[in-house]
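Colleague: Hi! Could you walk me through this model before class?

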Amino acid sequence: LEAAPDSREMLNSLVYFSYVTMSTLGYGDILPLSQAARTIAYTEAIWGQLFLAILVARLVGMYVARTDLNS
């Protein structure tokens with residue numbers, strides 16, 4: 001029998017899963033088993049992609065606004 005993971009090991013696994021989900025890498029070594037966990041995982045993946053798109057759009061918008069002022 002395997003020993004139950006300690007809280008630090010569990011936290012490391014949760015953070016790892018969260019980063020893998022947000023970046024949509026999906027290594028497949030940790031899987032959400034319940035429907036609620038799956039819903040949270042795909043919601044987090046969508047938010048991760050939206051965050052990246054919004055960040056890039058904001059940076060491009062700031063760059064364009066700055067170059068228009070200097071013209």
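Colleague: Before we go on, what sort of model is it, and how are residues numbered?

Modeller: This is a predicted model, so local features need pLDDT of at least 70 and side-chain atom pairs 80 or more, while totals for chains, interfaces and linings use all residues. Numbering starts at 1 along each chain as its sequence is written, and side-chain values use heavy atoms, without hydrogens or water.

Colleague: Great. Where does Thr24 lie?

Modeller: Thr24 belongs to the loop between α1 and α2. Its positive phi, near 55°, is found in a residue other than glycine.

Colleague: And how exposed is Thr24?

Modeller: Thr24 counts as partly exposed because its relative accessibility is 47%. Buried means under 20% relative accessible area, exposed over 50%, and partly exposed in between (1.4 Å probe, protein chains only).

Colleague: OK, new topic. Which residues of α1 are buried?

Modeller: The buried residues of α1 are Phe17, Val20 and Thr21. They share the same side of α1, because they cover an arc of only 100° around the axis (from directions between the helix axis and the C-beta atoms).

Colleague: Why would residues a few places apart point the same way?

Modeller: An α-helix has 3.6 residues a turn, so residues three or four places apart point the same way.

Colleague: What is on the other side of α1, then?

Modeller: There you find Ser7, Arg8, Leu11 and Tyr19, which are exposed.

Colleague: And what do the buried residues of α1 pack against?

Modeller: They pack against α2. Looking from the other helix, the buried residues of α2 are Ala41, Glu44, Ala45 and Gly48, and these pack against α1.

Colleague: What does Thr21 touch?

Modeller: Leaving aside residues up to four places away in sequence, Thr21 touches Ala41, Glu44 and Ala45 (heavy atoms within 4.5 Å).

Colleague: Nice. Now pockets: which residues lie nearest the centre of the largest pocket?

Modeller: Those are Ser13, Leu14, Phe17, Ile30 and Leu31, out of 13 residues that line the largest pocket. Two or more lining residues come from each of α1 (7-22) and α2 (35-70). α1 gives the most, with five residues.

Colleague: And which residues are closest to the centre of the second largest pocket?

Modeller: Of the 16 residues lining the second largest pocket, Phe17, Val20, Thr21, Gly26 and Tyr27 are the closest to its centre. Here too, α1 and α2 are the elements that give two or more residues to the lining. The largest share, four residues, comes from α1.

Colleague: What counts as a pocket, by the way?

Modeller: On a 1 Å grid over the protein atoms alone, it is an open set of points where a 1.4 Å probe fits, with protein on both sides within 12 Å along at least five of seven lines, and lining residues have an atom within 4 Å of a point.

Colleague: So where does Phe17 turn up in all this?

Modeller: Phe17 is one of the buried residues of α1. Phe17 is also among the residues nearest the centre of the largest pocket, and among those closest to the centre of the second largest pocket.
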